[in-house]
Amino acid sequence: MSRSAHPAGPRHADVLPEGHYTAPPADLNVLDPKVWARTVARDERGVATVGGIAVDALAEEFGTPAYFLDETDFRARCRAWAEAFGKDADVFYAGKAFLSRAVVRWLAEEGLNLDVCSGGELATALSAGMPAERIAFHGNNKSEDEIRRAVEVGVGRIVLDSFEEIVRVAHVAQSLGKRQRVQIRVTVGVEAHTHEFIATAHEDQKFGIALAGGLAAEAVRRALKLDAIELVGIHSHIGSQIFDMAGFEVSARRVVQLLAEVRDEHGVELPEIDLGGGLGIAYTSADDPREPHEIAKALTEIVSRECEAAGLRTPRISVEPGRAIVGPTAFTLYRVGTIKPLEGLRTYVSVDGGMSDNIRTALYDAEYSVSLVSRTSDAEPMLSRVVGKHCESGDIVVRDAFLPADLAPGDLVAVPATGAYCRSMASNYNHALRPPVVAVRDGEARVIVRRETEEDLLRLDVG
């Protein structure tokens with residue numbers, strides 16, 4: 001169905017202003033399975049559904065804005081990663097992408113391990129029953145209290161990020177009468193093809209210990225001398241939202257070279273290598289991510305080849321997908337509030353959320369898709385910018401996209417692929433209330449993170 005066309009900006013690609021857009025799709029009603037969770041479809045009314053439930057019913061029950069997570073899709077992606085790497089490797093879900101107690105339970109049930117990078121993430125993991133030995137603890141500046149709790153509960157590994165942490169973790173472990181398994185995070189000098197703020201393997205940034213200048217070798221030297229820690233491997237992470245495997249190949253080669261140097265100097269072959277995460281997902285139809293089995297095959301072959309050339313036994317590989325698992329499984333549902341056409345430019349579509357529930361567009365210039373989901377439309381496409389309700393000109397959710405020209409206030413639109421880093425980076429800017437996360441599966445929906453209330457907001461304000 002369609003409504004009368006709203007006065008709008010340009011419609012055709014050859015007259016569009018400069019921006020991030022592409023030409024309009026052939027059919028705005030199609031929900032591209034590349035960017036939407038796997039159970040998303042349209043019903044006989046043209047309304048989008050997830051897990052068999054229509055979005056208008058979800059909006060009525062849970063309100064908007066809200067994140068809706070396809071539990072079936074999440075679990076299937078966990079299994080795909082576990083099966084791709086098999087029993088001779090470890091898959092750690094990167095909890096920073098999105099973490100809740102329900103997610104922790106799903107991970108445990110599907111056989112994945114968990115990577116945390118703060119005391120709060122560790123507390124969430126433990127409270128939901130994740131065995132401590134299946135937890136890895138990251139972070140570039142872990143407090144002594146965080147380290148102490150991690151060692152006390154027996155986390156499977158702590159990733160050391162600096163010379164200070166080598167001593168700090170060893171001191172805490174010794175004071176507790178324990179020997180803590182650790183890895184050393186190294187920066188390998190790889191230029192990842194991603195946004196500057198999420199590239200993490202070049203030397204000029206805060207993470208890890210550089211291979212350059214022999215710093216990483218010195219870190220290994222110091223760690224091996226301390227009885228309270230057991231150095232089990234080397235960790236490397238080159239960035240996020242990466243599609244090109246070439247960076248991983250260079251990283252693996254340099255890490256294996258370090259392993260060979262450790263063997264030659266100390267007579268020790270470290271048994272583990274962690275290649276991090278950062279594999280990209282499809283935010284738009286133009287993105288072309290790799291499947292887990294392709295990634296597993298490529299990474300395994302790279303490490304095996306480099307180790308064979310160096311005369312090393314192939315270490316146990318671990319990876320840390322976060323976005324690649326949870327990112328595609330969720331979408332954010334909004335209700336349209338106002339529509340403001342700017343002749344010759346674009347139409348501004350304001351929704352009832354914004355940068356408080358998705359900061360990534362403002363922070364990383366991230367690109368997203370958006371669709372009208374409360375109905376179908378045969379109206380012409382109009383170039384749109386979906387913006388939020390916050391008092392910031394940079395409050396943009398989707399910078400450039402095509403929506404039907406008959407879009408009207410009250411319509412529901414949804415932004416797919418918002419499972420990663422949207423709720424986990426959400427804020428109370430303008431005293432906005434953070435949206436709920438609702439898990440949907442087999443015709444049932446349940447809140448796994450509830451919507452904040454004004455009482456929640458005021459409870460922390462002690463006056």
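Modeller: Pro-65 sits in the loop between helix H1 (55-62) and strand E4 (66-70). Helices (H or I, at least four residues) and strands (E, at least two) are DSSP runs, numbered from the N terminus. The model is predicted, so local features need pLDDT of at least 70 and side-chain atom pairs count only at pLDDT 80 or more, while totals for chains, interfaces and linings use all residues. Residues are numbered from 1 along each chain as its sequence is written, and side-chain values use heavy atoms, with hydrogens and water left out.

Biologist: What is the peptide bond from Thr-64 to Pro-65, cis or trans?

Modeller: The bond from Thr-64 to Pro-65 is cis, with omega near -10°.

Biologist: Why does His-431 count as exposed?

Modeller: Exposed means over 50% relative accessible area, buried means under 20%, and partly exposed is in between (1.4 Å probe, protein chains only). His-431 has 57% relative accessibility and therefore counts as exposed. His-431 is in the loop between strand E19 (412-416) and strand E20 (437-441). Its phi is positive, about 60°, although His-431 is not a glycine.

Biologist: Which label does Asp-442 get, buried or exposed?

Modeller: Asp-442 has a relative accessible area of 64%, so Asp-442 is exposed. The residue lies in the loop between E20 and strand E21 (444-449). Asp-442 is not a glycine, yet its phi is positive at about 50°.

Biologist: And what makes Val-255 buried?

Modeller: Its relative accessibility is 1%, so Val-255 counts as buried. Val-255 is part of helix H8. Not counting residues up to four places away in sequence, Val-255 touches Val-186, Val-188, Ile-234, Ser-236 and Ile-273. Contact here means heavy atoms within 4.5 Å.

Biologist: How far is Val-255 from Arg-375?

Modeller: Their C-alpha atoms are separated by 52 Å, and the two residues are 120 apart along the chain.

Biologist: Which residues of helix H3 are buried?

Modeller: In H3 (residues 101-110), Ala-102, Val-103, Val-104, Trp-106, Leu-107 and Glu-110 are buried. Just after H3, Gly-111 has a positive phi of about 85°.

Biologist: What makes a set of residues a nonpolar core?

Modeller: The set must consist of buried Ala, Val, Leu, Ile, Met, Phe, Trp, Tyr and Cys residues joined through side-chain atoms within 4.5 Å. The largest such core has 112 residues, of which Phe-74, Tyr-93 and Ile-184 touch the most other members. Helix H8 (residues 246-266) gives the largest share of this core, eight residues. Leaving aside neighbours within four places in sequence, the contacts of Ile-184 include Leu-160, Ile-209, Val-220 and Leu-231. A second, separate core has 24 residues, among them Val-35, Ala-59, Ala-414 and Val-438.

Biologist: Why are H4 and H5 called roughly parallel?

Modeller: Angles under 35 degrees count as roughly parallel, over 145 as roughly antiparallel, 65 to 115 as roughly perpendicular and the rest as oblique. Axes are lines fitted to C-alpha atoms, for helices over the stretch in contact, and angles run from 0 to 180 degrees between N-to-C directions. Helix H4 (residues 119-127) and H5 pack at about 25°, with axes 10 Å apart. H4 and H5 are therefore roughly parallel to each other.

Biologist: Which residues of H4 and H5 meet?

Modeller: Gly-119, Leu-122, Ala-123 and Leu-126 of H4 meet Glu-146, Arg-149, Ala-150 and Val-153 of H5.

Biologist: What makes H5 oblique to H6?

Modeller: Helix H5 (residues 144-153) and helix H6 (residues 163-175) pack at an angle of about 50°, with their axes 10 Å apart. That angle makes H5 oblique to H6. Among the residues in contact are Ile-147 and Val-151 of H5 and Val-169 and Val-172 of H6.

Biologist: Why are H7 and H8 called oblique?

Modeller: The axes of helix H7 (residues 215-224) and H8 come within 11 Å and cross at roughly 45°. H7 and H8 are therefore oblique to each other. Ala-216, Ala-217, Val-220, Arg-221 and Leu-224 of H7 meet Leu-258, Val-262, Glu-265 and His-266 of H8.
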